[in-house]
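Look over the sequence and the structure below before reading on. The notes that follow take the topics one at a time.

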Amino acid sequence: MMKPLEGKHIILGITGGIAAYKSAMLLRLLIKKGAEVQVVITPSGKEFITPVTLSALSGKPVVSEFFTANTGEWHSHVDLGLWADLMVIAPCTASTLGKMANGIADNMLVTTYLSAKEHVMVAPAMDLDMWAHPSTQRNISTLIGDGVEIIEPGSGELASHLTGKGRMAEPEEIAARVEAWFAGEMKRDMEGRKVVITAGPTHERLDPVRYLGNDSTGKMGYSIAGECRKRGAEVVIVSGPVSVPVPEGVKCIKVESALEMLDGVRTQMEGADALIFTAAVADYRPAEVDSEKIKREKTPEMNLRLVANPDIAATISKSAPANTIKVGFALETGNALEYGRRKLETKGLDMIVVNSLEDAGAGFGTDTNKVTIIRKDGSEIAYPLKDKREVARDIVDNIVDQLT
Ligand code: CTP
């Protein structure tokens, strides 16, 4: 039988922390699961665990310096980055987190990280006060925004004999996360499915040069589109004006106003298995649109009369077939879950993704999001702060779960 990590190339980065002794066990687990592992260790990492142990377990010389002193052999961080399918840094000290977040490439490990094209996972390990320090937390948020996956430290007795959060996740947990990541990358569970997604803001015209709009970037909707496509679905985005690139293989219908967006969804929704409403639709539009630019001299004072736009999610959900999964979003400033539950009900959705603007890193213009997913079946899952691509994965997992 094929081992779960057969043929996978993993860089295991090790930094200078007491937990480095556990890296040997992690290395063994990864090798046992079939992976080929290249260890890259920082100079201070070598104070905690010897390269001899690591090279014996991995069957490869350990890389630590930019070149081997006696032979002058150059170790190319670029080649390493091209070779690897995944990079795992365990343990990762507060210092290395800071260097990664700020691009300080003063050793082979951080240089390799900066050259990495592959996914990167980090298992921090440090004393509880260092973990809780705003500087560390700021670096963690930056790294999550850069797409790094954080394997949260656990609570318990630390090397300092203090008790609290900061000890590295156990090797078994890290190895399981590695396996889950590869399994997720290979998922093709949306093959033969069709998904229609609304995304971005809408612009409601006042005159030929002015409009009412909002700050939505479209990133969340486009990430979900990319994830569905990767998993095999036919994907159509009905998108308001945004500047994010359309994921490969995804069809994009560009619209401006809420009325055009509603129209766009209607013409594309036939045969859809899932309808995902991520757009920040303007609730109102100007009652009159001037065909010419409104002139200041002619309009010393102005009252703008607005009329309500249709609720696209509610209108479409009520007319779509019952077995189509309808997904809405709710961005709230207070009582987020309460409002979320209500919107799920009133809009006739199967699932709603709630995020609160009160959470740092959630909402418009960020690369991260912190969501709670509420389903019609009553289940509610609160996820930690994640990169928007990972949030997209969680959302799509929940959709696939409900497809019939
Ligand atoms: N939505 C929509 N059409 C609208 C308004 C909202 O399709 N005219 C969708 C959004 O895409 C999102 C969900 O409905 O999936 C919730 O949007 P939100 O703006 O939070 O809801 P509203 O009903 O406008 O409520 P609020 O009064 O909080 O703005």
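In what order do the 5 strands of the open sheet lie, and is the pairing parallel or antiparallel? The order is β2-β1-β3-β4-β5, and the pairing is parallel. The model is predicted.

**The open sheet**
- The edges of this sheet are formed by β2 (36–41) and β5 (149–150), each of which pairs on one side only.
- Strand β4, covering residues 119–124, runs parallel to β5, and 2 bridges join them.
- V122 has I150 in β5 as its bridge partner.

**Strand β19 and its neighbours**
- Strand β19 spans residues 372–375 and is covered on both faces.
- Strand β17 (residues 351–356) pairs with β19 in the antiparallel sense, over 4 bridges.
- Within that pairing, T372 of β19 is the bridge partner of V354.
- Strand β20 (residues 380–382) also runs antiparallel to β19, and the two are joined by 3 bridges.
- I373 has I381 in β20 as its bridge partner.
- β19 and β20 form a hairpin with 4 residues between the strands, and in this hairpin G378 takes a positive phi near 95 degrees.

**Residue N139**
- N139 is part of helix α7, which covers residues 134–145.
- N139 counts as buried because its relative accessible area is 12%, and the cut-off for buried is under 20%.
- Leaving aside residues up to four places away in sequence, N139 touches L97, G98, A101 and N102.

Technical notes. Residues numbered from 1 in each chain as written. Predicted model: local features only at pLDDT ≥ 70, side-chain atom pairs only at ≥ 80, totals over all residues. Heavy atoms only, no water. Buried < 20%, exposed > 50% of the residue type's maximum accessible area, 1.4 Å probe, protein only. Contact = heavy atoms within 4.5 Å. Pairing = 2+ DSSP bridges.
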